[in-house]
Amino acid sequence: MTQQNTPLYTGLLNHASKQPVQFHIPGHKKGLGMDASFRNFIGDNALSIDLINISPLDDLHHPHGMIKEAQQLAAEAFGADYTFFSVQGTSGAIMTMIMAVCSPGDKIIVPRNVHKSVTAAIIFSGATPIFIHPELDDTLGISHGITPDAVEKALEAHPDAKGVLVINPTYFGISADLKRIVDISHSYDIPVLVDEAHGVHIHFHGDLPLSAMQAGADIAATSVHKLGGSLTQSSVLNMRGELISHERVQTVLSMLTTTSTSYILLASLDVARMHLATKGEEILEETIQLARRTRNAINKIPHLYCVGDEILGTKATYDYDPTKIIVSVKHLGITGYDVELWLREHYNIEVELSDLYNILCIITPGDSEEQTSLLVNALRELSEAHQEQDQESQPILVEVPEIPLLSLSPRDAFYSETELIPMKDAAGRISAEFVMVYPPGIPIFLPGEIITDENIQYIYKNLDAGLPVQGPEDETLEHIKVIKEHRAFR
């Protein structure tokens, strides 16, 4: 077997070519049992490999054939000892790695700007989070990663922690000194868990930040579908070393994974691995150069700022991914969400993310000069049009609220007796729900945190800007669930 091989994808094609008579699910039977318009849109090829874990096709829960071979090739490509395929997205992989190392009551050191899947895993496992404050960027209004110094202080205070979780790189493409964090954690014999959702490609080009496996981390949830060419919802879980049991990881992943695994998703992982392993450096070099040309062009547009390597130099900004195009729009006097809507309406352009101050666009091997030129021209027209309309516009001041204090463990808060109260009256109460802007899915409130008026105002500010604040059961966000307070009997 070489990295040119695709055992899973090839095996599926060979099976489909035999035209077996199927008396098993899925019930659409190669599309014949579904609506014709949908069948014609999806196509016969895709439907022919929408199969299940019958014996010839191996079983993701107990791989021993073509899936095992595909995972072994992926492990070799990523520099891992073991690679597990996930059809539950990177969220499922993140929950797996946390639940594989944490039992009820165990401590885990995590940045506060984690994805909601991390907190979900903490609730499921019953672990106690030891939060590290990420470094805040007051210019961009975003959070970066955690520093080695902060990790060392946390470990000195909590040497009994079962793991240290690091986001590498962040949603915005910024990396901390992961190698140093790994060395510090390993000096305590504590494993490092990496949320590598936005970094599948960094392993395959020397000008990109170190990947989790290159830095010596123990386990990493890596989203292949985001930037690696596989289909949405497909990811991998890479692991190395002996601080975490691979048998335990397989068991937990199986518990969290559907028994009706999608072979279309699995095949796309197999092919994406082959493409990255054999052509990754070449295609990523073209992508990096395209992104740099795009960044330079945007920085020539008045009142816009596209972040480059000048952001580096702090302990939290050790390296960055140039394929992430962060465009600060605050000097236009409008929000990133305003820009997102304008680009959609006027140019049919969709961005990866917008917030109060920025838009984020990603450049991948699927882009060309044609697409990036359209983006640059659109931003140039936006800048000109806005300045014509509002000569007196003032830059938006960047405000990043303080992280709330954790009063109860997220698990205790989630399962406590609760009551629903108006959001405007919730300051001082303990949240029993998540409140976040998604994307990126970083919570403003976690279950167990004390609600502050400052954070309530930040929620309203995001809502007023039109940003997708979500989490509470009350979708209007007029009310929030809090821990019920019982008055003493007299």
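Reply: Tyr171 and Phe172 are both buried, where buried means under 20% relative accessible area, exposed means over 50%, and partly exposed covers what lies in between (1.4 Å probe, protein chains only). This is a predicted model, in which local features need pLDDT of at least 70 and side-chain atom pairs count only at pLDDT 80 or more, while totals for chains, interfaces and linings use all residues. Residues are numbered from 1 along each chain as its sequence is written, and side-chain values use heavy atoms, with hydrogens and water left out.

Back to the rings. A pair of aromatic rings is described by the distance of the centres and the angle of the planes. Rings of Phe, Tyr and Trp (its six-membered ring) pair if their centres lie within 6.5 Å; planes under 30 degrees apart count as stacked, over 60 as edge-to-face and the rest as tilted. By this rule there are four aromatic pairs. In one of them, Phe78 and Phe204 sit edge-to-face, 5.4 Å centre to centre with 70° between the planes. Phe78 belongs to helix H4 (residues 66-78) and Phe204 to the loop between S8 and S9, so this pair ties together parts that are 126 residues apart in sequence. Helices (H or I, at least four residues) and strands (E, at least two) are DSSP runs, numbered from the N terminus. Phe78 and Phe204 are buried too. As for Tyr171 and Phe172, their ring centres are 6.3 Å apart and their planes are at 45°, so that pair is tilted.

Asp207 lies in the loop between strand S8 (192-196) and strand S9 (219-222), and with 44% relative accessibility Asp207 counts as partly exposed. Together with Glu281, Glu282, Glu285 and Glu286, Asp207 forms a negative surface patch. Patches are made of residues with over 30% relative accessible area and no salt bridge, with like charges joined within 9 Å and nonpolar side chains (Val, Leu, Ile, Met, Phe, Trp, Tyr) within 5 Å. Asp and Glu count as negative, Lys and Arg as positive, and His and the chain ends are not counted.

Now for the salt bridges, each a side-chain nitrogen of Lys or Arg within 4 Å of a carboxyl oxygen of Asp or Glu. The count comes to 13 salt bridges. One of them joins Asp183 and Lys179 at 3.0 Å, N to O. These two residues are four apart in helix H8 (residues 178-186), so about one helical turn separates them. Asp183 is partly exposed at 36% relative accessible area, and Lys179 is partly exposed at 35% relative accessibility.

Another salt bridge pairs Glu417 with Lys484, whose closest N and O atoms are 3.6 Å apart. This pair links distant parts of the chain, 67 residues apart: Glu417 is in the loop between helix H14 (410-414) and strand S16 (418-422), and Lys484 is in the segment after strand S20 (479-483). Glu417 counts as partly exposed at 46% relative accessibility, as does Lys484 at 34%.

Glu473 and Lys481 also meet in a salt bridge, 3.0 Å from N to O. Here Glu473 is exposed, with a relative accessible area of 60%, whereas Lys481 is partly exposed at 23% relative accessibility. Finally, a network of salt bridges links Glu340, Arg344 and Glu350.

Definitions and conventions. Areas by Shrake-Rupley, 256 points an atom, 1.4 Å probe, with all protein chains shown as cover. Charge placed at Lys NZ, Arg CZ, Asp CG, Glu CD.
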